[in-house]
Amino acid sequence: MSRHTAPEELLLDYAAGALAQGPALAVALHVALDPVARRAVERLDAMGGALMEGEAGAAVDDAALERTLARLDKIAVEPRPAPGVPRPGFEWAPAPLARHIGADTRWRRVLGGLEEIRLRLPGDSHRVSLLKLRPGRGLPMHRHVGNEYTVVLQGGYTDSTGNYGVGDFAVGPGAQQHEPIADPGPPCIALIVIEKPIVLTGPLGRWLNPLVRRDLI
């Protein structure tokens, strides 16, 4: 169970199908890994269904809605079993991600010890990447000028906002600088969805930022 759950408004947009593909994939992975997030989405689905029924007929009965939600609360929350056999080397990938991992999917080295798999989602302008950090290694110090969504799939990392493990969901700290460092243990693997290029703020950042803006690194 994660310690950092996606904001309720983001879960609501996900349940309503209102997210672009990149953010929707991040939330789908979070929901697949975290029973609490999955229960929240189920509750939002139930509320949305009740509201749609109310619009189609009589006004929504608050008592009936509460009874529906109460029935959901009584259902035991169990982790979903991983369907099928994952591709060797990608056993950590939940089902919503596995369909995006093809036979030719390979890690590529970027920015020192960082490895990346770029995911191309048609019709979405977000940069959607799988990032892998070895223990003790980190992303360069940076800040954000757009939304960033991160969900941890293996291992964990720590930055100025806290410690994040498998299933945890992080919303980028915006203008606040941060430098995620992978925790001891297995390599940290996370899906990161970025709305706009990051701004590197370390000593070498001003030299690399033009390449970042041009999506060359």
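**Entry 1: ground rules.** I number residues from 1 along each chain as its sequence is written, and I leave out hydrogens and water, since side-chain values use heavy atoms. In this predicted model, local features need pLDDT of at least 70 and side-chain atom pairs count only at pLDDT 80 or more, while totals for chains, interfaces and linings use all residues.

**Entry 2: the sheet.** I took helices (H or I, at least four residues) and strands (E, at least two) as DSSP runs, numbered from the N terminus, and I called two strands paired if DSSP finds at least two bridges between them. I looked up the order of the strands and found six in an open sheet, E1-E2-E3-E10-E5-E8, with antiparallel pairing. At the edges are strand E1 (108–110) and strand E8 (169–171), each of which pairs on one side only. Neighbouring strands of this sheet are turned by 30° against each other on average, direction ignored; for such angles, axes are lines fitted to C-alpha atoms, for helices over the stretch in contact, and angles run from 0 to 180 degrees between N-to-C directions. I also noted that strands of a sheet pair through backbone hydrogen bonds, either parallel or antiparallel.

**Entry 3: strand E10 and its partners.** Strand E5 (residues 148–154) and strand E10 (residues 188–194) run antiparallel and are joined by six bridges. Glu-148 has Ile-194 as its bridge partner in E10, and Val-152 stands opposite Ala-190 in E10. Seven bridges join E3 to E10, again antiparallel, and there Leu-130 has Leu-191 in E10 as its bridge partner. I counted as buried any residue under 20% relative accessible area, as exposed any over 50%, and as partly exposed those in between (1.4 Å probe, protein chains only). Seven of the seven residues of E10 are buried, so this strand is largely enclosed by the rest of the structure. Both faces of E10 are covered, with Cys-188, Ala-190, Ile-192 and Ile-194 buried on one side and Ile-189, Leu-191 and Val-193 buried on the other.

Entry 4: Helix H2 (residues 21–33) lies across strand E2 (114–119), strand E3 (127–133), E5, E8 and E10, and runs at about 40° to E5. Ten of the 13 residues of H2 are buried, so this helix too is largely enclosed by the rest of the structure; among them are Gly-22, Pro-23 and His-30. How do helices H1 and H2 pack? Helix H1 (residues 8–15) and H2 pack at an angle of about 105°, their axes 10 Å apart, and they are therefore roughly perpendicular to each other (angles under 35 degrees count as roughly parallel, over 145 as roughly antiparallel, 65 to 115 as roughly perpendicular and the rest as oblique). Leu-10, Leu-11 and Tyr-14 in H1 meet Ala-24, Val-27, Ala-28 and Val-31 in H2, where contact means heavy atoms within 4.5 Å.

**Entry 5: two single residues.** Leu-204, in the loop between strand E11 (199–200) and helix H6 (205–213), is exposed, with a relative accessible area of 60%. The C-alpha atoms of Leu-204 and Met-141 are separated by 10.0 Å, although these residues are 63 residues apart along the chain.
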